[in-house]
Each structure stands twice: as structure tokens, then as C-alpha cells.
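Hi,

Here is the structure I promised to pass on. Have a look, and my notes follow below.

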Amino acid sequence: MKDAHVFSHYKEALIGAVMDLAEKHPEVVFLDADLSSCIGSTAFQKAYPERFYNCGIAEANMAGVAAGLSSMGLVPYIHSFGCFASRRDYDQLFISVGYAHQTVHVIGSDPGITAQYNGGTHMPFEDIALFRQIPGFVITEPSDAQSLYDLTLQVHENGAPSYMRLPRKGINFRYKPGEVKLGKGVELADGDDVAIIATGVVMVDAALGAEKILREKGIKATIIDLHTIRPLDTELIEKAAAKCGRVLVCENGRYAGGVGEMIAGHLAAVNPVRMAFVNVGERFGEVGNLKYLAPAFGFTAENIADKAEELARK
Amino acid sequence: MDKTEMEKLKDAAFRIRCSTIREIASFGSGHIGGSMSIVELLSYLYYREMNVDHSNPGKEDRDRLVVSKGHSGPAVYATLASKGFFPEEWLSTLNQGGTRLPSHCDMTKTPGIDFTGGSLGQGFSAAVGIALGQRIRKMSAHTFTIIGDGEAQEGQIWEAAEAAGAWKLDNLFAFLDLNGQQLDGYTKDIIPSVHMPDRWSSFGWDVHVIDGHDFEQIEAAIEDAKRIPGLPHMIVMHTKKSFGYIPGEGIKANHSMTITKEQAEEAIKALAEREGR
């Protein structure tokens, strides 16, 4: 189990994990769509030139080629920005991968507002909803470098096709090697007034900030890092809902088809509780840095704390 | 090819055509046009060319065929059944609930189907991936794939064509079923399939142009292509949609047709007469 402190960006943890897999598994191959230098898959290309293919700016073909490679017993990883990795090749992922029972691991970088300077055209908010429509796809969004590394290995071991929302630039460390398990969310704080379920770096960081603000106001919050979106950790969610009776779901994406709707749908069936949501609503993305975008979209500790407080006092 | 071999192939094509017509008639309707136009090619591939084993359809080092124009499933199934991949009786279950023979080729359902088709353009990319996979795994096997001329209107075809050319996949043999028709009518009236041989050459492919109903030309094209290293191979086949299902020949609306059991037997009789059988 590698310590992710050897990496200095999230993308290095991803490529490091895939290269560690490639060393053990000769069937691992990597395809990129002209974003190799953005994700650092150039390192994979250097180490395994016969197992790396740059498909150019042709995501649909990349997904189809990956499906064909999978049918030959190879295990392809394909990368593009999340908006293109989900939308430009969606029918290919649905039919040639999902419907055809092939295993392809899709890496979609720069989820939601982390696309920053690439702006609204590059800001995937709907990608979770899209992958949720394809039976069998595992969906992850790690919130630190260690869980990113560990989940990449576990998703490979799991064997189902997958989509990872990958933070690309920057790094933080939250977990110890081996601490995070695929499909099992992590309770980062334990309180019984309100449960805040968050996915991804931006939202988990903001939720932890909110927990402090709430604590100062005498509101005790449970904070859950839902790094695996599918399969949903229903056990942990039901436990938190039963304990708090109030659930706030925070995601760097859309409600429709997203994490909040998924959890609401589950709880509606087993234990309806009062819920609230932090997400992008009906907005498209826009250009800017995180300092501008996070408050503009309400993805801050303060906004989450306000929503949680309102929910807790209802 | 000697005369005996030629007769064997012609017999196979005739039997496959009869089975395909009866198969579609057992359901009552189906994609007759694009099934019948590739029967010579299917017969050649399965009876003379491809290294496949009906008793072990998943054999790893086999040659593979991706019928990207997946709606030709009925002809593919008739061919596979004739080679023993599954019982001939399955053919009468086409498109029935619970069948293993769906309208469009499906690798998860039918023994001998190497990749799923149906969403046009996709099988072609998969074929490129399969050919690439054979290379990565250092196999000497070939990948064959069949696309339609209507299908070549899909942008994905040209993304895949570019990639196969760039990667010099000389183990990839593609066939274009240039029958001049698509669901809504003639390609010339919709989006014409202009300059197909030149298009493929300019994408870095070795190109051959043949009559797709002529076994000797199919053989010559494949054998010539095998002698050309470093380029993927495109064999442009001039064909007739519905060729051999005489009621569908030369008409516009022959993509999918209603066929009763009586019509099927009449059509088979007419075909036998035309072929002197």
C-alpha cells in the first residue's frame, strides 16, 4: 500500500496508481485524447510505449477502441476532461462498454468548478447523472490523494467498468494508506443534529469547514465523505439519517441525476427524513478561479453551514 | 480457387440466403436488404478465410469479425448456424422475447458474435480496438469488419479510420457494403457516398474495389491486401441491397421488409430457378 505523500498533485497519484497496476498487470493499457500532458499520462507512455495510445481529439473513437481492447482481454484506462469523457463518448460508453459488458475505466478530470480557467464549456456538472444511467458502472470521486490512489487500485480489482471524477491540480492528504474502502463512505465527524454528506475535494473541504462553524453555534454535525457514489453506501447513509433525522447533500454538480437525488431516492423508500441540497442548481458553469467560483456557486463552508443550520432548526 | 471450391461457396451462399429469408419470415419482418447484400462475403469469411472454431467460439487467438452494420444480424446468424455455432432451430426465434438472436448483433447473447453492433459506427471503432489488441498481445490473427455506406455517414467511422491509419493496423480488413441504399432511400438522394475509395486512401488505408457478389474478387482483394504491410485494408464492395431476395431487389423500400412464410418459399423457389438449382 503506497503512501500518497510521494505525489505532489492529484493527477500524479492517478497516473502513479495506474502505472503500479501496469507493472503487475500486462493487460493494463492507457488511452488519451490529446490531454496526455494535462494528466501526466506521458509518464505511462514513456514506461509502456506499446500500451499507450493517444487517440487524438476523438473521444467517441477512443471509447470504442477501448471497448474493443477490453474484448481482447486488455484493461483500458481512458482519459479526457470530465465534460468530454462523459458527453462526447456517451453512446459509445453506453453501448460498446456498458451494454456489451466490457470493462473500461474512464477518468474524467476537472470535475465541476475545478475546471476553473477552462470555463463553462469545460465544466462537467452532469457527468454523475450520465454514468448513473449506464447499468454496472462504478462511480468515484476521491477527496484526497491517498483515497484517489487507493480507490484506483480497488476499482481495478473490482473489475466493473468505472468513472472517476478526478481532481487534477493541487493536492491534499486526509487518509492513511488502506483506510478508504471502495463503496464505504467515511464518517469524518460525528454529530446528531444534522448529517452532511459531501463528495469530492471541494465539497468535503467545505463541509469540514461548515462542521466547525456549526459546532461554534452548538450544532453537532455528522460529516460523511462519500467518495464512492455508486455503489451507494446505503448502510452508512441510513445510519446517519436515523441518527440525525436531517440530511444535507453537497455536490459539485447538478441535483438532477446527481448524488443528492440518488440519496433522496433511497431514503424516500426506507426512511424519509428532511433533506436539503447544495449543488449548482440550474446554472451552467463559468470561467474563474476557485476563489471566485466557490462562493459564486455557494460551495463554501459558510453556505453549507447556513443550509445545515436552517435544516437542523426546522 | 478451383471449381469445386467455388461451387462449395456458392452452395453455402445459397443455403445462407434461404435460411436468412426463412428466419426473417418466421418473425414476419426484418432487415432483409442489408443482410442479403453481404452473404457472399460472410460465406467467404466463414467457409474459406477465418480461423474460428464453432466448438470453441471464444478461442483467444481466433480471427474476429465485427459486423458494425449490426442490423445484418439475420444473415450473420444464418451463417453461424450453418457452421455449427448453434442449432439451426434457433433461427426461428429471431427477435422473439428471450431469444439469443436479436435484431442487431449482440456479443453477450450469441455464440460466435465477436462484438456488439446496432448503434452505427461503434463496431468499427471496436474493430480498430480489437486489431490493436491483437497487436499488443502479439497475436498473428486478423480482424475483419463490415460497415455500411449509410453507416459511413457517422462521424465515428472517420475518427476510427484516422486512428487505424495512424496506427498502421495492417491486421485490420474492413469491408464497405456499398449498396447505395439506406433506410430512407438511396444514399445519392440523402448524403451521397462520394469518392469512397479516395476517401479511404487519403485516410491512410490500402484500398481495393470489387464486386461484392463475386467470390473470386473477394478472394483476390483479401489475398492482395495481405501482401501490403503497414496499412489497414479497405475493400469497397459494390453490392446490391436485398440481392437474392428477389422481391426486394431494385426497390427503394428494402431496408426492412414484411415477409410471410408463403412469400419466403416463393422467393426461395425463384432464387433457386435463377441460380439453376
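To start with a detail: is Arg137(B) buried, exposed or partly exposed? Arg137(B) is partly exposed, with a relative accessible area of 32% (buried means under 20%, exposed over 50%, partly exposed in between, with a 1.4 Å probe and protein chains only).

Some housekeeping. This is a predicted model, where local features need pLDDT of at least 70 and side-chain atom pairs count only at pLDDT 80 or more, while totals for chains, interfaces and linings use all residues. Residues are numbered from 1 along each chain as its sequence is written, chains are lettered from A and ligands numbered from 1 in the order in which they are written, and side-chain values use heavy atoms, with hydrogens and water left out.

Back to the salt bridges (a side-chain nitrogen of Lys or Arg within 4 Å of a carboxyl oxygen of Asp or Glu). There are 32 of them over all chains. Arg137(B) forms one with Glu60(B), and their closest N and O atoms are 3.0 Å apart. That pair links the loop between α5 and β3 of chain B to the loop between α3 and β2 of chain B, 77 residues apart. Glu60(B) is partly exposed too, at 46% relative accessibility.

Compare Arg17(B) and Glu40(B), whose closest N and O atoms are 2.8 Å apart in their salt bridge. Arg17(B) sits in helix α1 and Glu40(B) in helix α3 of chain B, so this pair ties together parts 23 residues apart in sequence (helices are DSSP runs of H or I, at least four residues, and strands of E, at least two, numbered from the N terminus). Here Arg17(B) is buried at 1%, and Glu40(B) is buried at 5%.

Next, the cores (buried Ala, Val, Leu, Ile, Met, Phe, Trp, Tyr and Cys residues joined through side-chain atoms within 4.5 Å). The largest nonpolar core has 77 residues, of which Ile263(A) and Trp200(B) touch the most other members. Its largest share, eight residues, comes from helix α5 of chain B. Apart from it lies another core of 56 residues, including Tyr44(B) and Ile235(B).

Finally, strand β11(A): five of its five residues are buried. From β11(A) the chain crosses through helix α11 to β12(A) in a right-handed β-α-β crossover, meaning that, with the strands pointing away from the viewer, the path from the first strand over the helix to the second runs clockwise.

Cheers
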